[in-house]
Amino acid sequence: MLPILTAEILRKLSKSDVKRLGDFLHSPYFNSKETICSLYKIIEKNHPDFKSEKLDYKKVYAKIYGTPEYKEQTIKNLYSEFGGLLRKFIAHERIETNETDYSMALILGLRDQKCFEQSNKFIDLYRKSFEKTISFDESNLLYLFDLEFHYFQNILSMNRLSLEDYHSSFNVIMDNLTYFFISTFFSFAKEDFIVKKAHKFNDDKSFANREFLENFNSEKFLNSLPDGKYNDAIKISYLTYKYTTDDVSEEQYVEYKKLIISNIDKFSTAMILNSWGNLLTMVILKLVPLNKEYYNEAFEINKFFAALNLFPNKEGIKISISMFRDVFGVALVLKKFDWAEKFISENSEFLEDEARENEVNYAKGRLNFQLRNYGKSLEYLNKVKFQQVTEKINVRFYYLMNYIELKSYQSAISMLNSIRQFYSESKEIPEMFAVLMDNSLKYFREIIRIEENNKTLDFSILKEAQNAGRYYQKQYILEKMQTLIK
């Protein structure tokens with residue numbers, strides 16, 4: 001049978017990828033063994049399942065070598081050699097399709113051949129090409145550093161560097177390295193903060209978190225930056241971190257948004273999507289709690305970025321599950337149901353393949369609940385098979401709300417108890433989600449009690465729910481309570 005790693009890689013390849021692999025293996029530059037090509041034909045026929053019985057050593061050996069004598073080590077070596085060529089193919093595909101990887105391989109290849117002057121000629125060419133399409137992407141900032149560093153190394157190798165040029169080149173290299181470092185560092189620091197907050201993780205062993213963040217004067221650094229084309233990239237990265245970890249005023253948000261929108265033509269698809277997510281998260285988590293009217297701002301953000309037609313894109317980047325849910329969720333909150341339905345229709349195909357069916361069913365379950373098609377909502381929710389704890393909680397709450405609207409109170413109580421048990425027994429619920437549970441469970445129990453017994457809700461309970469901060473399904477609970485006050 002195929003080695004595990006080889007099989008895992010092959011399963012991820014599309015049919016067109018597998019065909020290109022065949023072209024690669026049939027090229028005498030990469031492979032001169034006919035037995036490898038014969039093995040490829042067998043593998044191609046069994047892609048992507050690779051059932052073990054069809055790739056049994058003895059069966060494959062007989063097909064390839066056609067002799068009664070079986071040598072297990074021979075076929076194992078063939079499988080191993082095939083795996084090595086597969087890995088070469090993956091690397092070759094990357095270089096063939098990624099311009100920066102190709103250019104860097106060419107520059108370093110010429111250096112290895114001691115063609116220093118020719119290497120620098122290509123660096124000059126790539127510099128000029130890159131200047132025409134300034135991009136703030138962290139990978140591009142690293143690419144700029146690499147170009148200058150290798151140019152400098154080539155000059156050193158040719159002994160053509162004056163003392164003035166030496167210092168000038170060094171300054172350019174250090175500036176580019178600083179652009180890359182600061183931009184990348186705060187991007188990672190933001191993600192690290194989010195994970196730690198979600199899981200209440202305080203064990204900081206990183207020097208960066210322990211010393212650099214505490215002692216680096218970011219404000220002074222940003223204010224001292226000389227005029228340069230990448231200054232805004234650094235500011236965006238730092239402010240994204242700052243506004244993730246700190247409170248945000250409306251004025252700060254407006255300036256941050258303006259900084260992003262004014263530079264968006266310099267962003268790659270990945271950075272545009274990150275900016276969309278950062279703006280949306282900032283509004284929902286920092287501004288909406290101050291004023292619900294900010295949901296309208298969140299919707300305007302979604303309309304702006306959706307109009308950029310980011311999918312499909314040449315990089316093959318998909319829409320993330322979190323982005324899909326957040327954008328869709330804002331439309332539901334504002335009852336923009338036609339827009340929400342159109343968003344599912346136009347963007348669900350750009351979700352990752354393994355997530356698509358679940359997400360579409362979950363989204364349609366939520367949408368039909370809002371449209372008061374409760375039976376249809378339950379039909380879609382019944383098809384959802386989530387694995388993550390927080391996702392399971394969300395689905396259960398939608399079951400609960402459907403049961404309440406259908407006046408199926410025993411089912412609602414059963415689901416409420418199921419959520420409470422799941423909450424109390426599960427050790428996997430992140431702290432930032434666990435704290436949202438208690439009030440939701442309490443207020444849902446009150447709603448069921450009042451409705452089932454045809455009672456009137458005490459106004460003080462509504463006021464308490466209004467002032468209780470964030471909790472699961474707060475909008476539904478408050479709207480439902482309003483109907484129960486007579």
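**Lysine 407**

I looked up lysine 407 and found it exposed, because its relative accessible area is 54%. Exposed means over 50% relative accessible area, buried under 20%, and partly exposed in between, with a 1.4 Å probe and protein chains only. The model is predicted: local features need pLDDT of at least 70, side-chain atom pairs count only at pLDDT 80 or more, and totals for chains, interfaces and linings use all residues. Residues are numbered from 1 along each chain as its sequence is written, and side-chain values use heavy atoms, leaving out hydrogens and water.

Lysine 407 sits in the loop between helix H20 (389-405) and helix H21 (409-425). Helices here are DSSP runs of H or I, at least four residues, numbered from the N terminus. I noted a positive phi of about 60° for lysine 407, although it is not a glycine. Most residues other than glycine have a negative phi.

**Lysine 114**

I then checked lysine 114. Its phi is near 60°, again positive in a residue other than glycine. Lysine 114 is in the loop between helix H6 (99-112) and helix H7 (116-132). Lysine 114 is exposed, because its relative accessible area is 64%.

**Cis peptide bonds**

Most peptide bonds are trans. I found a cis bond from histidine 47 to proline 48, with omega near 5°. Proline 48 lies in the loop between helix H3 (34-45) and helix H4 (57-65). Phenylalanine 311 and proline 312 are also joined by a cis bond, with omega about -10°. I placed proline 312 in the loop between helix H15 (294-306) and H16.

**Arginine 325**

Is arginine 325 buried or exposed? I found it buried, because its relative accessible area is 17%. Arginine 325 belongs to helix H16 (residues 321-333). Its side chain makes a polar contact with the side chain of glutamate 359, at 2.5 Å. A polar contact is a pair of N or O atoms within 3.5 Å; within protein, one must be able to donate a hydrogen and the other to accept it, and residues adjacent in sequence count only if both atoms are side-chain atoms. Leaving out residues up to four places away in sequence, arginine 325 touches Glu359, Tyr362, Arg366, Phe386 and Glu391. Contact means heavy atoms within 4.5 Å.

**H17 and H18**

Last, I looked at helix H17 (residues 337-347) and helix H18 (residues 353-370), which pack at about 165° with axes 11 Å apart. Axes are lines fitted to C-alpha atoms, for helices over the stretch in contact, and angles run from 0 to 180 degrees between N-to-C directions. H17 and H18 are therefore roughly antiparallel, a label for angles over 145 degrees.

Key. Helix = DSSP H or I, 4+ residues; strand = E, 2+ residues; numbered from the N terminus. Parallel < 35°, antiparallel > 145°, perpendicular 65-115°, else oblique.
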